[in-house]
Amino acid sequence: MAKKDLTVTKSNALIEARYKLNVVEQKVILGCIALLDPRKAMPESITITADKYIQIYGGDMANAYRHLNAAADSLLERQVIIQVDKNVSHKAVWVSESHYDKHGGKLKLWLSPTILSLIHI
């Protein structure tokens with residue numbers, strides 16, 4: 001199956017926010033968001049499979065499994081800092097929960113409410 005053009009739009013607040021995500025974490029977050037259907041309500045959780053990860057980014061199954069497994073742990077620890085004004089900043093986590101199925105090669109993420117409010121599909 002050919003790669004499909006997927007579009008993700010982030011709010012200015014998220015673009016200007018301070019955060020550190022490694023390449024794999026960015027790919028997983030953006031891949032999950034790109035899988036959302038803009039015609040439907042925002043789901044409570046988003047699942048990305050190893051097959052879908054490869055479809056979007058290329059690579060092989062072993063690396064896809066490894067990347068999803070690593071992201072399941074590391075994304076729980078990542079924060080984003082949004083500067084509300086020059087004196088006020090807002091800190092939030094990227095995901096509130098993650099569930100990795102190592103046999104099925106599936107990562108299910110629950111994005112935090114703050115992050116969900118900053119994503120436009």
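Analyst: Axes are lines fitted to C-alpha atoms, for helices over the stretch in contact, and angles run from 0 to 180 degrees between N-to-C directions. Helices are DSSP runs of H or I, at least four residues, and strands are E runs of at least two, numbered from the N terminus. This is a predicted model: local features need pLDDT of at least 70, side-chain atom pairs count only at pLDDT 80 or more, and totals for chains, interfaces and linings use all residues. Residues are numbered from 1 along each chain as its sequence is written, and side-chain values use heavy atoms, leaving out hydrogens and water.

User: At what angle do α2 and α3 pack?

Analyst: Their axes lie 11 Å apart. The two helices are roughly perpendicular (65 to 115 degrees), because the angle falls in that class. The angle is about 100 degrees.

User: Which residues of α3 meet α2?

Analyst: Contact means heavy atoms within 4.5 Å. From α2 come Val 24, Lys 27, Val 28, Leu 30 and Gly 31. Their partners in α3 are Tyr 53, Ile 56 and Tyr 57.

User: How far apart are the axes of α3 and α4?

Analyst: These axes cross at roughly 110 degrees. α3 and α4 are therefore roughly perpendicular. The axes come within 9 Å.

User: Which residues of α4 meet α3?

Analyst: α3 contributes Ala 50, Asp 51, Tyr 53 and Ile 54. In α4 they meet Met 61, Ala 64, Tyr 65, His 67 and Leu 68.

User: Which backbone nitrogen does a side-chain oxygen of Asn 22 reach?

Analyst: Asn 22 sits at the start of α2. Its side-chain oxygen comes to within 3.0 Å of the backbone nitrogen of Val 24.

Methods: A polar contact is a pair of N or O atoms within 3.5 Å; within protein, one must be able to donate a hydrogen and the other to accept it, and residues adjacent in sequence count only if both atoms are side-chain atoms. Angles under 35 degrees count as roughly parallel, over 145 as roughly antiparallel, 65 to 115 as roughly perpendicular and the rest as oblique.
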